[in-house]
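Dear colleague,

Please find below the structure that I am handing over to you. My notes on what was found in it follow directly after.

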Amino acid sequence: NETIRNQIPNQRNSILVKYGSIYFKAWVGSKGIFREKIEEECIQRYVRDAVHAGSTSLFNAVRSVLQIFFENKRHPGVDEMLYRICSPILWRGVKAPNDSVRRQATILLFDNFPLRDPAFNNEMMDLTLQKQFDTFEELLGDSHPALRVAAIEGVSKVLSVYWELLPAETIRCFISKLVVDLVNDVSSSTVRAAVFEGIQFILDNHNSHSILKPLLPMLAPLINDRNEKVRAAFGALLVRIKSIRNLHFYDVVPVNDLLCRLVLDRDSPLACKELVSLFLNSYFPQNVGGSSQVARCLALVRKNPEAAMVFYANVVDHVSVGSVCKLAALLLRCSLNFVSRRLKQPQESEENDDDDDDDDDEDEEEGFSVVGQVVVLEVIGNLLKSVHVKVMGDARYSECKSFLREQLNVESLEALLLAYSEDRPYDQEALSSIWRIIGYLGDLSEGVLLERLVENLMKMNENSNRKLLESMVDCMVQWDQLPSLVSKLAKFLDQWRKKKFCSDAAGSKAKKAKKSEVALNPVVVLGTIEYIVQLPSVKGLNTLLQPIVEVLESCIGPILEFDADEAEAAYKANSFGFIRLVEVYAKVLVMAECAHVNDETSLLAEKAAKRLKKMDDLRDLQPSEFFTPPKSLSSLFAWLARLMLDFRKELEANEQTTHGKKRRRGKNADEDQLSPQKELLSRWRNLFSLVSLLAAECVAFALERTHWLQNGPAADFVDSYVDTLCDTLRDMEFFERTVFYQAGQLTHLLENARIKATKSTKAQAASLVPSLEHWISTLQQALESAHEKNQDKSNDLWPAISASFGDQCTVESPAAEQTVA
């Protein structure tokens, strides 16, 4: 016995069950004093140990040993023995002040139910059972959530197994407690989820269906519970209800509400999985033909397009990869039928307007709109995305790959591209979905379609759909054509620079350039670059971006020497392209450095694998140690700040001149004449804010360094950033709210870093504190001076900004007291 007891905490569950079987056989085969000894020194001792176990794992281990006695209560003598040796321990345990003891005693009490002596008469038996029912009701209202969860599980199992034997009043009391009170427990989401799991146990007893049927619709609002686990448990309950003949899940929660919830839970995998399982047989049945599956899919698209996209994006978790590929092929064929009817419709309407067959086709076309056709293409893309990794990378799915190669052939895809190549409504959305489909097919569709992709890329302009551009770039990534695309983009940028940033109306249809390099719109080039630098899965992105960074620097270099008049002239020549160039340049500078950090931090795994003895070597490889704020960003920020003040001076001067003329007529014309300057200043402020935020992010990341160099590149960057903001605050003749706000935000950021460094015990933090105090003091003086000059315009911002100054005093006061002491 002692040997077994010592092994219980560390044994696996299968061995513990065998230990319990040994004890049970020993008890059954013993008599007299030997049986009493087994009961007192073994079984009762285990019950006491389980109730007072110090950890959940130990409790579960001891419970596994005792489980065979609870499961064999019908064996002669077991029921009486358990009542005799367990009652004193369990009744004291459920009243104990310790939450853990009460919980463990509660679980064992439910395991022992009904806890009774078969020799009792009817009156004594009723009193014993009623005592247990009253205790169960008290436990359901216990103050500790974990104990309420245990009570919910126990009561649900009791109702499921002993429904016919329980008094009607007791059943009504328990059901009311679960469905009315505990399901709305605002203090614990675990309790609410446990109620739904408990109702599933209760539904296993068919006698409960008639009572629960009118009560279940009361739970409908909880499908929108804020906790994902609760929604997932409710979804599992609906799946269970669906399998019961006389109950219908749509009577509990309306289908439309469930579909809306499915859309909202697209990023919640637990809840989404249950809802997809709920609708699986309705919208993707497996025991029907392909035409029925397509019909169900189209019905869902008509009913709720967004729910259709989410449903088919997650259906692969419940069906085979082959079924998903088959449905994608069938839907593509359906899309080709839509396209063919769409192309034939104008001719049919001219030749024969009264034909009955044509009327049928038109009715079907009206029933399924162009938006619906685009959604079908999006559904195909979602289906292929869900199986893309398996089909393209796993040899076990080679048959599926061959099937897709045959069904989703280049001719079909070209037909779709051709059908949606016009400038009709939703054509660009359809093209985006088609290129997305082509991208997920990988090398199955590269050949001829690469030329068409480049051709479509050349036709894009600043008004084109951004989603379409991203889909086409994703195709290039799938085809490993990204290096070629990047080199072409760099050439286009260089040509644009040589033309002094003048556009040749590249996106217009009126002019067709002979060479593709001339036809590409500069704004499209910049948008493509902006999307490429944000791609998370591209390896070696830092090396890939180097040509683009070099060309962008050659483009921006001359611009940084522009004064206000030259910048305004460049803006008027190509307003959107000029602003986008500066935006993309700032983003590329930061993202290229982040790509460098990403490449370097891959060494962490290699270093960790070598099991370095010195932990300092690992600290040196933290991401922040590799990050160096781009120096060019500080130069760009200083130029933007200087020109913003110049634009503001020019605007104020023009407004004063206009108001001084006192014209009775033409006031609206004067305002219209000034509106381009106001628009320029507004866009310039937005550009200033963007670059300032990027610089602040660089500062925040650089301050995470373990080893700080006071004269290093990171410190120089912060110096330049702080100096630019302070100089701008001092030089502004007219109050600029954007500058004041950005300076306050930087002060708050630096103050938080100073507090963290002051509290840190690392020696490296001490070298950072003096620099932080210098920067904070400089910013504080500039902000206070600007506030004094413009109190009426800055009073609303001042309380939030000046709060960080008070924090500094609060942190410094203990150090000052220690110095005096």
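Is Arg685 buried, exposed or partly exposed? The structure is a predicted model, and in this model Arg685 has a relative accessible area of 26%. Buried means under 20% and exposed means over 50%, with partly exposed in between, so Arg685 is partly exposed.

Glu736, with a relative accessible area of 1%, is buried.

Helix α36 (residues 667-702) also holds the pair Arg683 and Glu679. These two form a salt bridge in which the closest N and O atoms are 3.3 Å apart. Because Arg683 and Glu679 are four residues apart in the helix, about one helical turn separates them. Arg683 counts as partly exposed, at 28% relative accessibility, and Glu679 is partly exposed as well, with a relative accessible area of 38%.

The structure holds 39 salt bridges. Another of them joins Asp265 to Arg231, with the closest N and O atoms 2.9 Å apart. Asp265 and Arg231 are both buried.

I turn next to the nonpolar core. The largest nonpolar core has 261 residues, and Phe311 and Trp684 are those with the most contacts inside it. The helix that gives the most to this core is α31 (residues 575-601), with 13 residues. Leaving aside residues up to four places away in sequence, Trp684 touches Ala567, Phe578, Ile579, Trp639, Leu640, Leu643, Met644 and Phe647.

The axes of helix α26 (residues 482-498) and helix α29 (residues 541-559) come within 9 Å and cross at roughly 5°. Angles under 35 degrees count as roughly parallel, and α26 and α29 are therefore roughly parallel to each other. On the α26 side, the contact involves Leu482, Pro483, Val486, Ala490, Leu493, Asp494 and Arg497. These meet Leu544, Pro547, Ile548, Val551, Leu552, Ser554 and Cys555 in α29. By type, the residues of this contact divide into 11 nonpolar, one polar and two charged.

Finally, a word on Val769, which is found in helix α39 (residues 763-789). Val769 is buried, as its relative accessible area is 14%. Apart from residues up to four places away in sequence, Val769 touches Ala757 and Thr758. Val769 and Leu750 are 19 residues apart in sequence, and their C-alpha atoms are 10.0 Å apart in space.

With kind regards

Conventions. Residues are numbered from 1 along each chain as its sequence is written. This is a predicted model: local features need pLDDT of at least 70, side-chain atom pairs count only at pLDDT 80 or more; totals for chains, interfaces and linings use all residues. Side-chain values use heavy atoms; hydrogens and water are left out. A nonpolar core is a set of buried Ala, Val, Leu, Ile, Met, Phe, Trp, Tyr and Cys residues joined through side-chain atoms within 4.5 Å. Buried means under 20% relative accessible area, exposed over 50%, partly exposed in between (1.4 Å probe, protein chains only). Helices (H or I, at least four residues) and strands (E, at least two) are DSSP runs, numbered from the N terminus. Contact means heavy atoms within 4.5 Å. Axes are lines fitted to C-alpha atoms, for helices over the stretch in contact, and angles run from 0 to 180 degrees between N-to-C directions. Angles under 35 degrees count as roughly parallel, over 145 as roughly antiparallel, 65 to 115 as roughly perpendicular and the rest as oblique. Ala, Val, Leu, Ile, Met, Phe, Trp, Tyr, Cys and Pro count as nonpolar, Asp, Glu, Lys and Arg as charged, and the others, Gly among them, as polar. A salt bridge is a side-chain nitrogen of Lys or Arg within 4 Å of a carboxyl oxygen of Asp or Glu.
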